[in-house]
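Take a look at the model below.

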Amino acid sequence: IKFSPNSYHNGSVWPHDSFFIAEGMEKLGFVDESKKIREAVLNAINFFATPIELFVYNDGLQNYCGTYGQLACRKQAWSAAGLVNATAKLLG
């Protein structure tokens, strides 16, 4: 299976998972890299103006639209929780 930016599991960006990755990287001492991930995902959430479930980055931020027309949830609880955590980390 190869990478495809608009693939549900082989290319799309999931804010929730990205925030977990950032948390783990920070705990392993990769503080600057962790901050970059949090900032990038927060910028995307700001772009979409909602804690979106997943999105695509292919020459810029885009909505996920699956092969059969399914769209990402515009408001996702786990993305909102990650948003709160990431904001607290960056401000605190």
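A helix here is a DSSP run of H or I with at least four residues, and helices are numbered from the N terminus. By that count, helix 1 is followed by Gly29, whose phi is positive, near 100°. The model is a predicted one.

Start with helix 1. Its 13 residues reach 18 Å from the first C-alpha to the last, close to the 18 Å expected at 1.5 Å a residue. Five names matter on its buried side: Pro15, Ser18, Phe19, Ala22 and Glu23. They lie on the same side of helix 1 because they cover an arc of only 145° around the axis. Phe20 and Lys27 are exposed, on the face turned away from that side. The cover over the buried residues includes helix 2, strand 1 (55–57) and helix 3.

Now turn to helix 3. It has 15 residues and spans 21 Å, close to the expected 21 Å. Ser79, Gly82 and Ala86 are buried. Their arc around the axis is only 60°, so they share the same side of helix 3. On the other side, Ala77, Val84 and Leu91 are exposed. The buried residues pack against helix 1 and helix 2 (31–48).

How do helix 1 and helix 3 meet? They pack at an angle of about 35°, with their axes 8 Å apart. The crossing is left-handed. Helix 1 brings Pro15, His16, Phe19, Glu23 and Glu26 to the contact, while helix 3 brings Trp78, Ser79, Gly82, Leu83, Asn85, Ala86 and Lys89. These residues divide into five nonpolar, four polar and three charged.

Terms used:
Residues numbered from 1 in each chain as written. Predicted model: local features only at pLDDT ≥ 70, side-chain atom pairs only at ≥ 80, totals over all residues. Heavy atoms only, no water. Axes fitted to C-alpha atoms, helices over the stretch in contact; angles between N-to-C directions. Helix = DSSP H or I, 4+ residues; strand = E, 2+ residues; numbered from the N terminus. Left-handed = near helix turned anticlockwise from the far one by under 90°. Contact = heavy atoms within 4.5 Å. Nonpolar A, V, L, I, M, F, W, Y, C, P; charged D, E, K, R; others polar. Expected span 1.5 Å × (residues − 1). Buried < 20%, exposed > 50% of the residue type's maximum accessible area, 1.4 Å probe, protein only. Arc of directions from axis to C-beta.
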